[in-house]
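Let's take a walk through this one together. Keep the sequence and the 3D view open side by side, and follow along as we go.

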Amino acid sequence: MWAHEILSGEIRNGIIRRAEELASEDEYGLRLLGAGKKAIRFMPPLNISPDMLDFGLSLYEKVLSSA
């Protein structure tokens, strides 16, 4: 499990909302979970391939750049 700490809970919530919007629009399947006051948690499966991990992280980068 990984976590990415964001500057504030408000910004974190905006990022999570934007990820949900993009997932709905483009059917990405990326889901983010808030953790604590200002972190986002990732929990990829243990058997994830490097290609799928790269793809998931690129989706997260897209979310961050559009939030």
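**Starting from a salt bridge**

R31 forms a salt bridge with E20, with 3.8 Å between the closest N and O atoms. R31 sits in the loop between α1 and β2 while E20 is in helix α1, so the pair ties together parts that are 11 residues apart in sequence. By salt bridge we mean a side-chain nitrogen of Lys or Arg within 4 Å of a carboxyl oxygen of Asp or Glu. Helices (H or I, at least four residues) and strands (E, at least two) are DSSP runs, numbered from the N terminus.

A word on what you're looking at: this is a predicted model, where local features need pLDDT of at least 70, side-chain atom pairs count only at pLDDT 80 or more, and totals for chains, interfaces and linings use all residues. Residues are numbered from 1 along each chain as its sequence is written, and side-chain values use heavy atoms, with hydrogens and water left out.

How many salt bridges does a search of the whole structure find? It turns up 3. Another one pairs E21 with R18, the closest N and O atoms being 2.9 Å apart. Both of these residues lie in helix α1 (residues 9-26), 3 residues apart, or about one turn of the helix.

E5 is exposed at 56%, whereas K38 is partly exposed at 32%. E20, with 31%, is partly exposed, and E21 counts as partly exposed at 40%.

Now stay with α1. The buried residues of this helix are G9, R12, I15, I16, A19, L22 and A23. Looking down the axis of α1, they fall within an arc of 145°, so they line one face of the helix; the arc is that of the directions from the helix axis to the C-beta atoms. On the face turned away from that buried side you'll find the exposed residues E10, R17, S24 and E25. What covers the buried residues of α1 includes β2, β3 and α2. Just after the helix, E27 takes a positive phi of about 55°.

That brings us to the largest nonpolar core, which has 12 residues, among them I15, I16, L32, F42 and Y60. Such a core is a set of buried Ala, Val, Leu, Ile, Met, Phe, Trp, Tyr and Cys residues joined through side-chain atoms within 4.5 Å. Two or more residues come from each of α1, β3 and α2 (50-66), and α1 gives the most, with 4.

Last, the strands, which pair if DSSP finds at least two bridges between them. β1 and β3 run antiparallel, joined by 4 bridges, and W2 stands opposite F42 in β3. β2 and β3 also pair in the antiparallel sense, over 3 bridges, with I40 in β3 as the bridge partner of G34. These two form a hairpin with 3 residues between them, and G36 in the turn has a positive phi of about 65°.

Technical notes: Buried means under 20% relative accessible area, exposed over 50%, partly exposed in between (1.4 Å probe, protein chains only). Contact means heavy atoms within 4.5 Å.
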